[in-house]
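Welcome, and please open the model in your viewer. We will go from one selection to the next and look at what is there.

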Amino acid sequence: MTRVLIIDDEAPIRLLCRVNLEAEGMEVMEASDGEKGIELARCERPDVILLDVMMPRLDGWDVAQALVGDALTKEIPIAFLTARAEVRDRARGLDIGGVEYVTKPFNPLELAPLIENLLERIRRDGLDLLRGEKLAALRSLVHE
Amino acid sequence: MVLSDITRLIQLAGLSDAAIFDGVLETLALALGVALALHLLLDIFVLRGRRRAGELAVREHQLAAVAELSSALTLAGDRESIARTVLDTLNDLVDFDFSGLLLVNEDGSEARGLIGRAAGTDVDWFPSTRLDLENEMSGVRRAVETRALFTVEDAPGSPEVSAELVERAGLKSLVFFPLEGERRIVGVLAAGSTGEFRAFRPEQLSLMRMLAAEGTLALERMESVSALERGLERERLVAEISRRVRAELDIDRLIDAALAETAKALDVERCFIRLGNPGSAAPLRAEWRREGIKPITASATPFLSVSNLALRERKTAAIADVENDPQLDDDSLGGREALLELGSRAVLSAPIILFESVIGALAAHTSALRRWSNDDIAFIEAIARELGIALHTAGLIEENKRQLEEQNALLVATEAMTNELELDSVLALKLAGGRAELVGPSSSKQVMKAAVHQATQLLEGDAALMLELEANELVVRASEGEGLEEMYARRFPVAVSLAGDLVHSREPLVIEDLARDEGPLGALDPVVGHGFKALIGVPVIGLDDALSGVLIVYSRRVRAWRLKEIEALVTLAANSASALANAALYLRVSLEREQSLAILSSVADGIVAVDRAGRIVLWNAAAERITGIASSEALGRPLSEVLRHEMEAPDGVGERAISIRRGERELWLEVAEAVMRDPGGQIAGKIYTLRDVSADRFVEQAKSDFVSSISHELRAPLTSIYGFAETLLRRGELFDDVQRRTFLSYIASESERLTGIVDALLDVAELDAGDLQVELATIDVGNVVREVVESARSESESVQGDEHSFVADLSDEPLSAEADRDKLRRVLVNLVDNAVKFSPGGGTVSVVGQKRSGAVELRVRDEGVGIPEEERERIFRKFYRSSSALSGGTGLGLFISRGLVTAMGGRIWVESVEGEGSTFALELPFEREPVAEE
């Protein structure tokens, strides 16, 4: 069973993700701020992390950096889930080490397929290759 | 040199005896010719430093030594080392005990010891040796005058050599040899022996000659190299001043800079400029002094005799010794006391000449005796010339009347006219005396007044009129003499008056007796009338050959005008025409100048002009204001250096925005440029306009930040609304009623949040437009507080892990105030939301309500992060988001709150201790001011 950790300070968003992912048979853990999120990630080692950016105290960028820099959690793919839609934010997220960038508002029904697809590709190509591809795609976007 | 040698040989041989001379003349001439040619050849070779093996008397090793010397001299760095090398070689090869080199100054009046050598070391007293070549007899003098070597076998017994030199060096026999340079004798070699009286052998002298030639070459090269270097440096300076003369609008600044530079180049303590005619007081215009040097006083200025001399003689006066120079003997120049009192011992002064007239003098003073070199003189003359041009240019824009007179005077080529006309000396004198008065005034009205006055004086007439031609009429512009005062401004048709005839004929009109020549009608002529019996009228014709009017002189008695008088009046009219043209030109130019300057200094845009070399020549007031860089700092430097930004337009784009630093902040400038061309179509420079667009940029940035943050704010509630709607639409019965209700309640509350944001935006729009409406009523503020606190508490409780507690601290009695309930609620919700948002660690949020005199005060207190001092006012600004903001926000809440409270007649402020919390306080009027309606 796919285990997903959602880190977001807004309760409705966490609930939204939980009900829709559970409906697809995934196991969902929640953290309402960055510190709790990092703690949970280290203890639970989820398969994937959905990470909000704008949070009090530790923001999403800090959390992602901590996770990528930690041997325990660096292999866990991170998908940013955020209202920050500018290309430069996207670039920053992927630069830090995220592999997916979902802008709010999003269709919660597409969340589970997105996660499955992500995990499938990581199984096939490895996390690093995926990150590389995402960055390359982004660069071509920026340069257009 | 050769000729004098041969002549002396002839004399020595007794061949000057006329009889013998006659007899052998032809033979001798032939022999002389050959000798001369040989000698010349020899000299040429020696002077070029090349030797022929056939030089008879010189042994081979000596030749080798000379060759060695030649190459050593090429490497010598200064005159002293040249002298040492030559002298040591000399002592060595010719077996002298002592030798010394003396340098002869430019005008041949003095010789000074440079280096003396004996036994391979310097002779210490030798450099202080001074020989007066004009008044004292010496071997050196003789060598200089005869341009030939001079030997003395018995030096102590000879009256022809300097006793001092012989005594100090202890010499018995001596040889003097002139160093003959290209233009003059540059020095003398003196060498001798101390042991015994001796005669010098021809080959020794020949050797000495060669050494002298080598030394001369080296010295001359040294002199020309240093002169060249000095000349170049001064050339550059003159060019720099010349550039400024053509670029600098401020004449005073220019003069100051020129004086300072001149003083530096000449290495003098004082440099100044006087302006005025020769013979006038010529006051000091500006002075540069080295520190500690006392200034020239106004009372001393007329006694500055050297500049007076330069002014009077129209040529540079170079005084090496103020105390003794006979040129200053003439007491009318002002004597020596003033200069000596100022501590000036040597003075150099060049007249400033413009259009053949002396308008002032430039002078340099130094406290030491100094013989001014040709370079010094050429330099000061070049600077004086440039200053003349600068003053001329400045004369057009300066209100310096006296200077203007000079300038006008120069434009009128009266000197030439006076000479050509050969007037009676009295007439000429009168004309010349009046000229200054005529050309001095700057307005045409003054010129015409002066013209009629002078015309009357010149011809000893009784009255004069100046009439100006306007279309077909002559208008009286100036009058002189009894009875004509009221004629001013009267107009006469050209067609029907005697004066009109002048306009047609353009020739002088001479009437000796009106009654006789013109009959009764003549006396009736309105211009003539007034009981005059004779007149001379002349046309006033300018340089462009256009007739501008007529000048008429009247006499009350019948008078036979002399031809000279007619010519004098014609000259005066010509002078007047020039002066009039000049006045008009001056008026136009000064108007244009003033207009340009006024425009340049009043425009809001910075205007900068650079010359062909890219250096700034204009930096207007706006450029100073915008960039904060003073024009004095910018002028003369490249624009890119001043702004610290590359100014070359990329891809030739004319208009662009650049950012520069002004102190701590960034400045955005919109730059446009245009090429300036001179009248010949050549590129003369560029003009840039600079516009400060920083404020626009800031607004742009704020707008873009706003759009970005608003879009973020809108996305948050939309995510929930959209997300839960999609969730509810999932196929299959996945959720129970409780879950559905939760989803729907989220959709509802988030929709409300969305509405709130939109409301806030509308509020801002209304606040900006100034039409925010409040509906004031007397309400119980306490109720609103309770509602807001209650709602905040319940929301907080619904959030898992929220550790805030809420307190409403209100007195029991109702808190009545004039307010708009809905707007007040919005303000309080915002303040309480902020209190929660900025106390992430939880704590108590309290709202305290109290009555104050005439007002109700509400205080919303939190125990959060607090607000830094410098932000406490800024947080009320539109779009401003605190640096301690932990998550998003529109940056509008407090801006709106302040707007709403102000609209309700109240005020809002903040008190805070960083790290301990903040209190937002607001005060609402207790009741409305009673309106007087009786």
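A salt bridge here is a side-chain nitrogen of Lys or Arg within 4 Å of a carboxyl oxygen of Asp or Glu. By that rule, two salt bridges cross the interface of chain B and chain A. Before you select one, a word on the ground rules: this is a predicted model, in which local features need pLDDT of at least 70 and side-chain atom pairs count only at pLDDT 80 or more, while totals for chains, interfaces and linings use all residues. Residues are numbered from 1 along each chain as its sequence is written, chains are lettered from A and ligands numbered from 1 in the order in which they are written, and side-chain values use heavy atoms, with hydrogens and water left out.

**Stop one: the interface**

Select B:R753 and A:E10. These two form a salt bridge, with 3.1 Å between the closest N and O atoms. Next, show helices α22 (694-728) and α23 (737-769) of chain B: each supplies at least two residues of the side that touches chain A (helices, H or I, of at least four residues and strands, E, of at least two are DSSP runs, numbered from the N terminus). The most comes from α22(B), with twelve residues. Colour that side of chain B by residue type and you will find ten nonpolar, eleven polar and five charged residues (Ala, Val, Leu, Ile, Met, Phe, Trp, Tyr, Cys and Pro count as nonpolar, Asp, Glu, Lys and Arg as charged, and the others, Gly among them, as polar).

How many residues does each chain bring to the contact? Chain B gives 26 residues and chain A gives 25 residues, where contact means heavy atoms within 4.5 Å. About 2200 Å² is buried between the two chains, and carbon and sulfur atoms give 63% of that area; buried area is the accessible area (1.4 Å probe) that two parts lose on being put together, summed over both.

**Stop two: aromatic rings**

Over all chains, the structure holds eleven aromatic pairs. Select B:F532 and B:Y554, a stacked pair at 4.8 Å centre to centre and 25 degrees between the planes. Rings of Phe, Tyr and Trp (its six-membered ring) pair if their centres lie within 6.5 Å; planes under 30 degrees apart count as stacked, over 60 as edge-to-face and the rest as tilted. B:F532 sits in the loop between α17 (514-524) and β17 (534-541) of chain B, and B:Y554 in strand β18 (residues 547-555), so the pair ties together parts 22 residues apart in sequence. For a cluster linked by ring pairs, select B:F724, B:F735, B:F743 and B:Y746.

Go to B:V540 in strand β17 of chain B. B:V540 is buried, with 1% relative accessible area, and touches residues including B:M466, B:L551, B:A573 and B:L580. Draw a distance from its C-alpha atom to that of B:V570, 30 residues apart along the chain: 8.1 Å separates them.

Finally, select B:T919 in strand β30 (residues 917-925) of chain B. B:T919 is buried too, at 9%, and among the residues that B:T919 touches are B:R859, B:W909 and B:E911.

Conventions: Buried < 20%, exposed > 50% of the residue type's maximum accessible area, 1.4 Å probe, protein only. Lists of a residue's contacts leave out its neighbours within four places in sequence.
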